[in-house]
Amino acid sequence: MIPEHILSKIRYQSFEELGKKGSSNSTGKFKHLKALLENRTGKVLDVGCNHGYFCFNLHKINPKLICHGIDVGKENIMIAEMLNREIFKQQVTTFEHINFFNLSSSSQYDHIICLSAFHYFRENQQQFLNTCFNMLPSNGTLTLELPLSHSNIPDHVEKFSRKVDSSPCHFPSQHTI
């Protein structure tokens, strides 16, 4: 069982199994990942995995996917590992407390997802993209969530708001449509 003081720390991602509704539109983002990956196989890297929502749910819809979540937040990884041990019990889903740029240069994945995290790379965004492309096979996929300007956005693109008074690295994904 997960202690209440740990459950109270789950605020960003939504975990229906725990009755936790986070501030992120996790379920909305997941429907896009599901459409992309539900019939695929291979290894998935979730960069900035937080508490593991996407890893857990990808494996639930497709047990052929092997997901590895990484995050620089040590507490995030501790919670993800506890959720896996106590709730999800997915043997092929793993988590690691590591900076993306410290991953082994020989790491290979079939799919890389980076949701609500790309903006943290700031001046290293090009290096992040280059590293991702080196980790992917020619038919691999990279899925990024990027902040967009609200001007001239096509109707088919989901629009997300950003709080004006937030720090440069805060990117809440509150749906505005």
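## A buried leucine

L33 is buried, with a relative accessible area of 2%. Buried means under 20% relative accessible area, exposed means over 50%, and partly exposed lies in between (1.4 Å probe, protein chains only). L33 sits in helix α2. Leaving out residues up to four places away in sequence, L33 touches E38, F54, L58, I113, L115 and T143. A contact here means heavy atoms within 4.5 Å. Take L58 from that list. L33 and L58 are 25 residues apart in sequence, and their C-alpha atoms are 7.9 Å apart in space.

This is a predicted model: local features need pLDDT of at least 70, side-chain atom pairs count only at pLDDT 80 or more, and totals for chains, interfaces and linings use all residues. Residues are numbered from 1 along each chain as its sequence is written, and side-chain values use heavy atoms, with hydrogens and water left out.

## The chain as a whole

The chain has 5 helices and 7 strands. Helices (H or I, at least four residues) and strands (E, at least two) are DSSP runs, numbered from the N terminus. Along the sequence, their pattern reads α-α-β-α-β-α-β-β-α-β-β-β.

Of the chain's 177 residues, 45% count as buried. Consider contacts between residues at least 6 apart in sequence: 66% of them join residues at least 24 apart. The chain's accessible surface comes to about 9700 Å², and carbon and sulfur atoms hold 52% of it. Such areas come from the Shrake-Rupley method with a 1.4 Å probe; for residues, only the protein chains shown count as cover.

## Helix α3

How many of the 9 residues of α3 are buried? The count is 7, and the helix is mostly covered. The buried ones are Y53, F54, C55, F56, N57, L58 and H59. Their cover includes α2 (26-37), β1, β2, α4, β3 (94-97) and β4 (111-114).

A search of the whole structure finds 1 disulfide. A disulfide is a pair of cysteine sulfur atoms within 2.5 Å. C55 and C67 form it, with sulfur atoms 2.4 Å apart. The pair links distant parts of the chain: C55 lies in helix α3 (residues 53-61) and C67 in strand β2, 12 residues apart. The angle about the S-S bond is -55°, and the link is left-handed. Both C55 and C67 are buried.

C49 counts as buried because its relative accessibility is 0%.

## The largest pocket

The largest pocket has a volume of about 620 Å³. On a 1 Å grid over the protein atoms alone, a pocket is an open set of points where a 1.4 Å probe fits, with protein on both sides within 12 Å along at least five of seven lines; lining residues have an atom within 4 Å of a point. The volume is the space filled by probe spheres set on the points, which are joined across faces, edges and corners.

Which of the 31 lining residues are closest to the pocket's centre? They are G48, D71, S116, A117 and Y120. The elements that give two or more residues to the lining are β1 (42-47), β2 (65-71) and α4 (74-88). The lining divides into 15 nonpolar, 10 polar and 6 charged residues. Ala, Val, Leu, Ile, Met, Phe, Trp, Tyr, Cys and Pro count as nonpolar, Asp, Glu, Lys and Arg as charged, and the others, Gly among them, as polar.
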